Amino acid sequence: MSSQNSTYTFEKLGVCKTLCEECKSLNYHIPSKIQVQAIPYALAGRDIIGIAETGSGKTATFVIPILQSLLENNKPYFALVISPTRELAFQIKEHFELLGRNIALRVVVIVGGVDMVSQAAAFARKPHVIVATPGRLVDHLENTKGFTLQSIRFLVLDEADRLLSMDFEKELEKIISALPKERQSFLFSATMTWKVEKLQRVSLTNPVKVEVSEKYATVETLIQNYLFIPAKYKDCFLVFLCQEWNGHPTIVFVDTQNSTLRLSLLLKYLGFAATAIHGGMPQTKRVEALSKFKQGQRTVLIATDLASRGLDIPSVDLVVNYDIPLHVKAYIHRVGRTSRAGRTGRAINLVTQYDIEAYQKVEQYIQKKLDAYPCDEDKVLQLLERVSEAARISAHQMKERNQKKRKTRRELAANDSSLILDEEDGEDGESLGSEKIVQKRKRYDHKKSR
Ligand code: AMP
């Protein structure tokens, strides 16, 4: 990892033999900076506030002490980890399972978009660790008979700044008040905002503060370029980049859910192994897209900012900002998907005549003047005819999809006006997918029948 400290070993930090072996088998030979700073305190029973981002090794920083304590004291409902998103929750579960694979660890993920009843059944298996998003956990606290958090010994609030920016304050309050006072708590956040400070005061006792991230800096191994292009040739330049980087894991960031779908259709038509991910997709589809990308079955992931933070995709070689983000912090998070763990990576920004102001803001913020990405424009424009055809066909496919969606929505809404949903119902400001409407319909029918 980029922030490792070679004078330390996990043994020296106090990590037990079993877990040191697990670290070794995962190629964690040297602890990262946050691990060096936090693990000894965590093992000594202290509460921790860690200012660190994804990529710093923060997950293992809390997983290792929890597992070590669990090894000494094998009890169900031992630890609760709160994550802002479903994807991050699944990644945290994976991390626990990897490090805990030889100790018969039981981890359950409690997130929205999954049936509550089968989740409740998972509690019967007495998990050691619960990884949850706040909303669904509160649902269970309020509605699942017999479910309690009274035996929890460890609480982790991961990506606390994000939890708070997503307005989970009320849920967090409820969760914290359902926990026993006698516990050890860790709070991780990429930034220290006043809201995070407030949360820290109510959730931690006399914490040790550790900080490793340079605030909003890009890493040295990241090469950043721009391509100044006319807006009408944007797709053509994207296809050119996909060709040049063919086979290299690439994330293309766009502003809207529609663009993720349009571009993935366009690239697929041209023979690229592309897939889309955005917040409006049903959970199963998101997980599927992500795992195909992780396994290399898909090499281009078209994403909204949903994927810019929190997703642990270790080996991305290229990030393309198809749309320049309007918030500079989003830029840092997006490009942070590459050049992780000490590897070299590249970020390329497609800057059109409409993006100059936003792009200048990025350059000012990172205090760097970027070089143009070298490319032969004539060669790029040779692709124009094929790309235009692909664009036409993908636009047509999009139209058909939208018509189909509208039809399903009209049919479902026909019987009841309360099911006519407005645009805000979807995540990221887009309309709901038909699967969500069906879910809402089911909830409605269920309520009616009670
Ligand atoms: P995180 O910041 O927890 O999302 O971790 C980022 C990546 O670093 C993950 O792929 C981890 O598996 C990996 N990682 C965590 N700790 C270490 C370590 N000490 N050495 C090498 N890789 C690590």
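Predicted model: local features only at pLDDT ≥ 70, side-chain atom pairs only at ≥ 80, totals over all residues.
The pairing belongs to strand 8, residues 222-228, which runs parallel to strand 14 and is joined to strand 14 by two bridges. Strand 14 (371-372) is an edge strand, as is strand 10 (274-277); each of them pairs on one side only.

The sheet that contains these strands is open and has seven members, arranged in the order 10-11-9-12-13-8-14 with parallel pairing. Helix 12, formed by residues 283-295, packs on this sheet and touches strand 9 (250-253), strand 10 and strand 11 (300-303). The direction of helix 12 makes about 140° with that of strand 10.

Another open sheet is built from seven strands in the order 3-4-2-5-6-1-7, and its pairing is parallel. Strand 3 (107-110) and strand 7 (208-211) have a single partner strand each, so one side of each is left without a neighbour in the sheet. Direction ignored, neighbouring strands of this sheet are turned by 15° against each other on average.

Within this order, strand 2 (residues 79-82) and strand 4 (residues 129-132) run parallel and are joined by four bridges. V81 has V131 in strand 4 as its bridge partner. Helix 9, residues 194-203, packs on the sheet through contacts with strand 1 (48-51), strand 5 (154-157) and strand 6 (184-189). The direction of helix 9 makes about 175° with that of strand 6.

## Ligand surroundings

The ligand is surrounded by 18 residues, of which Y28, Q35, G55, G57 and T59 are the closest. By class, the shell comprises five nonpolar, ten polar and three charged residues.

In the side chain of T59, an N or O atom is 2.5 Å from an oxygen atom of the ligand. On its own, the ligand has 500 Å² of accessible area, and the protein covers 87% of that area.

Definitions and conventions. Residues numbered from 1 in each chain as written. Heavy atoms only, no water. Pairing = 2+ DSSP bridges. Contact = heavy atoms within 4.5 Å. Axes fitted to C-alpha atoms, helices over the stretch in contact; angles between N-to-C directions. Near = heavy atom within 4 Å. Polar contact = N/O pair within 3.5 Å; in protein donor to acceptor, adjacent residues only side chain to side chain. Areas by Shrake-Rupley, 256 points an atom, 1.4 Å probe, with all protein chains shown as cover. Nonpolar A, V, L, I, M, F, W, Y, C, P; charged D, E, K, R; others polar.
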